[in-house]
Amino acid sequence: MAAPKKVCVIGSGNWGSAIAKIIGANAAKYDKFDSSVNMWVFEEVVNGRKLSEIINTDHENVKYLPGHKLPHNVVAVPDLAETVKGADILIFVVPHQFIGRVCDTIKDHIKKDSIGMSLIKGVDAGPEGLKLISEVIREKLGITMTVLMGANLANEVADEKFCETTIGCKDKVYGPLLKELMQTNNFRVTVVEEADVVEICGALKNIVAVGAGFCDGLGFGDNTKAAVIRLGLMEMISFAKVFCTNCPVKPATFLESCGVADLITTCYGGRNRKIGEAFAKTGKSLEQLEVELLNGQKPQGPGTAIEVNVILKQKNMVDRFPLFTAVYEICFNGQPVTEFIKCLQNHPEHM
């Protein structure tokens, strides 16, 4: 019988802690997995105590997922290199701007035959153009990569409210193993092979959600938000067709949880919509609103809008993606948020 697979979670924010709750429970339940799950915690002091100590003593991430008990077999480890030692499955759940530094820290400490799974929603715009976060990890670490994306607001997942998610995995052996690690009665998993499309959906929907937040902040109604969602989806599909060259872009993938379901959820809930609404209402900077509203968490939409704008300029395609471009211009170039509606009125989908 094969040795049980050891799993570690790299990241312990809102989503990282919610997914660790699921992984911890399943690792304890199934013989295929080692029952102990390491979770890397960026060490900080909360109410005079180290966060890792609080998690290991009280079994609760009081800063990022308060009110939810973590399984006792989830062990908070503040040393990143120590977290990954001996792990067969590495679950990456950190803000996308930190992934390069994380990989550089762990590359000499991981098992060479380990499998990675990215839950990170974002893209990287390098000198060679678009890179998916899973691609960045694969190139830096030399391991097989998979992704998980879906309509999964972290607090609702932690509350064990029913939802679905999508694993993108090109390998037919790893897919069922990762599904077993992740699936519960209330967290249902579908595995598809179009991993690149799954990941692109997870990144781009956050830009659309910022636009949906602008609509809320400006007082537009549900009809307008529905248009933002539809036009955003069309831009997501167009972007995938241009940039996902390693696998077919099937319309059915956008009907999975990673596609339209995640887009709708994020445009009605979640931190990107929230930050967009507050930005439109208050005129405060994104940095100020992060501090006031998000308790230190990062909204991925504005950062992804920067990366996508760089990529579109490289390809001379800015005009084909007016919604993505408007979010970027409003967030970072001083375009008035009241101008957002113009990108909808003059969208190429209507021409």
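Tutor: Helices (H or I, at least four residues) and strands (E, at least two) are DSSP runs, numbered from the N terminus. Asn 309 is found in one of them, helix H13. This is a predicted model: local features need pLDDT of at least 70, side-chain atom pairs count only at pLDDT 80 or more, and totals for chains, interfaces and linings use all residues. Residues are numbered from 1 along each chain as its sequence is written, and side-chain values use heavy atoms, without hydrogens and water.

Student: Why is Asn 309 called buried?

Tutor: Buried means under 20% relative accessible area, exposed over 50%, partly exposed in between (1.4 Å probe, protein chains only). Asn 309 has 3% relative accessibility, so Asn 309 counts as buried.

Student: What does Asn 309 touch?

Tutor: Contact means heavy atoms within 4.5 Å. Leaving out residues up to four places away in sequence, Asn 309 touches Thr 325 and Tyr 328.

Student: Asn 26 is in helix H1 (residues 14–29). Is Asn 26 buried or exposed?

Tutor: Its relative accessible area is 4%, so Asn 26 is buried. Beyond four places in sequence, Asn 26 touches Phe 33, Glu 180, Leu 181, Met 182, Gln 183 and Thr 184.

Student: What makes Ile 306 partly exposed?

Tutor: Ile 306 lies in helix H13 (residues 300–314). Its relative accessible area is 34%. That falls between the 20% and 50% limits, so the label is partly exposed.

Student: Which residues make the nonpolar surface patch with Ile 306?

Tutor: Val 310 and Phe 332; the patch covers about 210 Å². Patch residues have over 30% relative accessible area and no salt bridge; like charges are joined within 9 Å, nonpolar side chains (Val, Leu, Ile, Met, Phe, Trp, Tyr) within 5 Å. A salt bridge puts a side-chain nitrogen of Lys or Arg within 4 Å of a carboxyl oxygen of Asp or Glu. Areas come from the Shrake-Rupley method with a 1.4 Å probe, and for residues only the protein chains shown count as cover. At 34%, Ile 306 passes the area limit.

Student: Which residues touch the most other members in the largest nonpolar core?

Tutor: A nonpolar core joins buried Ala, Val, Leu, Ile, Met, Phe, Trp, Tyr and Cys residues through side-chain atoms within 4.5 Å. The largest has 54 residues; Ile 200, Phe 214, Phe 239, Leu 323, Phe 324, Val 327 and Phe 340 touch the most other members. Helix H8 (residues 195–218) gives the largest share, twelve residues.

Student: How do you know where this core lies relative to the domains?

Tutor: Domain 1 (5–193) and domain 2 (197–350) both give residues to this core, so the core lies between them. Those bounds come from an automatic or database domain assignment. The C-alpha centres of the two domains lie 25 Å apart.

Student: What stands out about the phi of His 59?

Tutor: Phi is positive, about 55°, although His 59 is not a glycine. His 59 sits in the loop between helix H2 (51–58) and strand E5 (74–77). At 13% relative accessible area, His 59 is buried.

Student: And Asn 316: buried or exposed?

Tutor: Exposed, because its relative accessibility is 72%. Phi of Asn 316 is near 55°, again positive in a residue other than glycine. Asn 316 lies in the loop between H13 and helix H14 (322–332).

Student: Why is Gly 129 called buried?

Tutor: Its relative accessible area is 9%, so Gly 129 is buried. Gly 129 is in strand E9 (residues 129–132). Gly 129 and Leu 312 are 183 residues apart in sequence and 9.0 Å apart in space, C-alpha to C-alpha.
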